[in-house]
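This report covers a protein–protein contact and the protein surface beside a DNA strand. The protein contact comes first.

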Protein chains: 2
Amino acid sequence: MKRTGFSEADCPVARALDAIGDWWSLLIVRDAFDGLRRFGDFQKNLGIAKGMLSTRLRKLVELDVLELVPASDGSAYQEYALTRRGHDLFPVIVGLRQWGEAHLYARGEAHSDLVDQAGQPVGQLVLPSRTGRPLTWSETKVRKVGARKR
Amino acid sequence: MKRTGFSEADCPVARALDAIGDWWSLLIVRDAFDGLRRFGDFQKNLGIAKGMLSTRLRKLVELDVLELVPASDGSAYQEYALTRRGHDLFPVIVGLRQWGEAHLYARGEAHSDLVDQAGQPVGQLVLPSRTGRPLTWSETKVRKVGARKR
DNA sequence: TTGTCTAGTCTTATTTTAGAACCAGATTGG
DNA sequence: CCAATCTGGTTCTAAAATAAGACTAGACAA
């Protein structure tokens, strides 16, 4: 009865969720985008149990989403920094943010907001076709590739 | 030791993950985008335990991500269809897909692929500024709004 | 009307999570 | 330089979630 895994799936969505689709990983990554880098910062900000955080950080480092770097304040401690692969999760976080913002808040309810450097709200995520025209769901399809039998 | 919840969070990412951030919900939604509508179809395709699926579907209906509609084949059964709110999850699924595709497959390894109606691969998700210029992570910031104390 | 299919529910064993206690090494205050 | 405290964990236990299978009621098909 081990938790079902999808690390071998043909579908990249399944594989992505297998890697980072648990309760905490994306929240840790979100905090990393917000500039948090130290164990204690994540722990305080998320209210997560230290054991959980320890396990999750280790997995994110294994996955090469985060990496351990020497502390930026010169102390002997280490910090967790987003890697290239971690930075590439930005659209996922933004997608969740925009969906949550649109559907999970009552009118007028306070929430944090993503803005550009001038403080202007950003637009909605766009999926461009190869020619650059924005695509909606109904204009796309998933091409099944030969499922490798194992 | 109840599982930690974020349904009251000020951060839309946290609230979104609270709603749909468990192991199964986004995979069910992905399958719904792929056209699956019946309990048995989800169950067979995901290999999920029926009890889990039942619980998840009920929650997704409560959240108004899916809705129960009469079966399209005229039988007395019901089907699960994506709502507007469910369709709005498309960018999240695409974001996960593109990240997984980019980072979780060996060179040449088979995986399913998102294409437009002409069969052309789609582009990468883009976050436009208000003026339409594409933004990267480092050009954005999260504006904290007054955290409601409760 | 008997048998099969659909869409579940219920039960149980196992795994995961939350929370607290504990600990070693780094840092700070005196 | 020494003691107290901070940081970044590990370990333990109880509660909750999950997986897997047995079971069931109503639809459907022959």
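## Contact between chains A and B

Six salt bridges are counted between chain A and chain B. A salt bridge here is a side-chain nitrogen of Lys or Arg within 4 Å of a carboxyl oxygen of Asp or Glu. One joins the side chains of B:Asp113 and A:Arg143, at 2.9 Å from N to O.

The model is predicted: local features need pLDDT of at least 70, side-chain atom pairs count only at pLDDT 80 or more, and totals for chains, interfaces and linings use all residues. Residues are numbered from 1 along each chain as its sequence is written, chains are lettered from A and ligands numbered from 1 in the order in which they are written, and side-chain values use heavy atoms, with hydrogens and water left out.

Contact (heavy atoms within 4.5 Å) takes in 79 residues from chain A and 79 residues from chain B. The two chains bury about 7,900 Å² between them, 65% of it on carbon and sulfur atoms. Buried area is the accessible area (1.4 Å probe) that two parts lose on being put together, summed over both. In chain A, the residues that lose the most area to chain B are A:Trp23, A:Trp99 and A:Trp137, together 11% of what that side buries.

β4(A) pairs with strand β3 (residues 113–116) of chain B. The sense is antiparallel, over four bridges. Strands pair if DSSP finds at least two bridges between them. Helices (H or I, at least four residues) and strands (E, at least two) are DSSP runs, numbered from the N terminus. Within β3(B), B:Val115 is the bridge partner of A:Lys141.

## Surface near DNA strand C

Near means that a heavy atom of the residue lies within 4 Å of the strand. By that rule 23 residues surround DNA strand C, with A:Ala76, B:Arg38, B:Lys50, B:Ser54 and B:Tyr80 the closest. Of the DNA atoms within 4 Å of the protein, 76% belong to sugar or phosphate, and the rest to bases. α4(B) gives the most to this surface, with three residues.

| Residue and atom | Atom of DNA strand C | Distance |
|---|---|---|
| B:Arg38, side-chain N or O | phosphate oxygen | 2.5 Å |
| B:Gly40, polar backbone atom | phosphate oxygen | 3.2 Å |
| B:Tyr77, side-chain N or O | sugar or linking oxygen | 3.4 Å |

Terms used. A polar contact is a pair of N or O atoms within 3.5 Å; within protein, one must be able to donate a hydrogen and the other to accept it, and residues adjacent in sequence count only if both atoms are side-chain atoms.
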